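Here is a friendly walk through one structure, helix by helix and strand by strand. Keep the view open beside the text as you read.

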Amino acid sequence: MRIYKAKDYKDMSRKAANIISAQVTMKPDCTLGLATGSTPIGTYDQLVEWYEKGDIDFSEVTTVNLDEYKGLPRENDQSYYYFMHEHFFDRVNIDVSHTNLPDGTNPDEDAECARYEELIHSLGGVDLQLLGLGHNGHIGFNEPGEFFEKETHCVQLQESTIEANKRFFASADEVPKKAYTMGIKTIMQAKKILLLVSGADKAEIVKTAFFGPVTPAVPASILQMHSDVTLVVDEAAYSKIAE
């Protein structure tokens, strides 16, 4: 695991955007695995800025997103489909037909998970997977448990995750209780993984996940076993790691 320490959130975002930009430059028709949440917004903003300057071209890129809430229509402003269009897709020259997310409106969980997993395989897998890190160690919506979930599946969200996301909704009751997510095996099959972590509130889980044992009780800990992981972490999130 390569660890790049950033001064702050802005520096972290720029370093992450540099890595993604390099991937697109080296392989213009690459498949990017993308993430949502507050952490990658700065990275998307930086990529948009470079696109507007003519420094990066997304016209041949294909994307697959990590996850999507089950039950939210695309036009709901809390759906990840909406998020991606607002923060990235509608701001660059990506072909929207080459952007992919789980279909949260599909009530048939088995069929949707199988469809999405097959889609990823049909693309030849993910060249670079972008990840954030949950306070409980989740990546995507792979929550702590007794074993590592393998492929794309529908997950019952834990109360801590619902609590963390309720600020985006009118009330906790409106937060979806389930989500479709890539599984640990799917994530680990990405050729490269880029993990972003920012803020003092993530310092403890950074220590636990990347400097502790590999265990399904901390899903992100499995990343220690991947051959090509880059962790970009700001000073606050790295503050509990002894030099």
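Is T43 buried or exposed? T43 is buried, because its relative accessible area is 0%; buried means under 20% relative accessible area, exposed over 50% and partly exposed in between, with a 1.4 Å probe and protein chains only.

## Ground rules

This is a predicted model, in which local features need pLDDT of at least 70 and side-chain atom pairs count only at pLDDT 80 or more, while totals for chains, interfaces and linings use all residues. Residues are numbered from 1 along each chain as its sequence is written, and side-chain values use heavy atoms, with hydrogens and water left out.

Helices (H or I, at least four residues) and strands (E, at least two) are DSSP runs, numbered from the N terminus.

T43 lies in helix α2. Leaving aside neighbours within four places in sequence, T43 is in contact with S13, A16, A17, I20 and L196, where contact means heavy atoms within 4.5 Å.

Helix α1 (residues 9-26) and helix α2 (residues 41-52) have axes that come within 8 Å and cross at roughly 55 degrees. Axes here are lines fitted to C-alpha atoms, for helices over the stretch in contact, and angles run from 0 to 180 degrees between N-to-C directions. The two helices, α1 and α2, are therefore oblique to each other: angles under 35 degrees count as roughly parallel, over 145 as roughly antiparallel, 65 to 115 as roughly perpendicular and the rest as oblique. On the α1 side, Y9, S13, R14, A16, A17, N18, I20 and S21 meet I41, G42, T43, Q46, L47 and W50 of α2. By class, this contact of α1 with α2 has seven nonpolar, six polar and one charged residues. For these classes, Ala, Val, Leu, Ile, Met, Phe, Trp, Tyr, Cys and Pro count as nonpolar, Asp, Glu, Lys and Arg as charged, and the others, Gly among them, as polar.

## From α2 to α3

Now look at the contact of α2 with α3. The axes of these helices, α2 and α3, come within 10 Å and cross at roughly 40 degrees, and α2 and α3 are therefore oblique to each other. I41, Y44 and V48 in α2 meet F83, M84 and H87 in α3. The residues of this contact between α2 and α3 divide into five nonpolar, one polar and no charged.

Helix α3 (residues 80-87) has Y80, F83, M84, H85 and H87 as its buried residues. Their cover includes β2 (31-34), α2, β3 (62-65) and β4 (67-69).

## The β2 and β3 pair

Strands β2 and β3 run parallel and are joined by four bridges; two strands pair if DSSP finds at least two bridges between them. Along this pair, T31 stands opposite T62 in β3, and L32 stands opposite T63 in β3.

Both faces of β2 are covered, with T31 and G33 buried on one side and L32 and L34 buried on the other. Strand β3 also has both faces covered: T62 and V64 on one side and T63 and N65 on the other are all buried. In the loop between β2 and α2 you will find G37, which is partly exposed, with a relative accessible area of 28%.

H153 stands opposite T181 in β8. The covered face of β7 holds H153 and V155, while C154 and Q156 are on the uncovered one.
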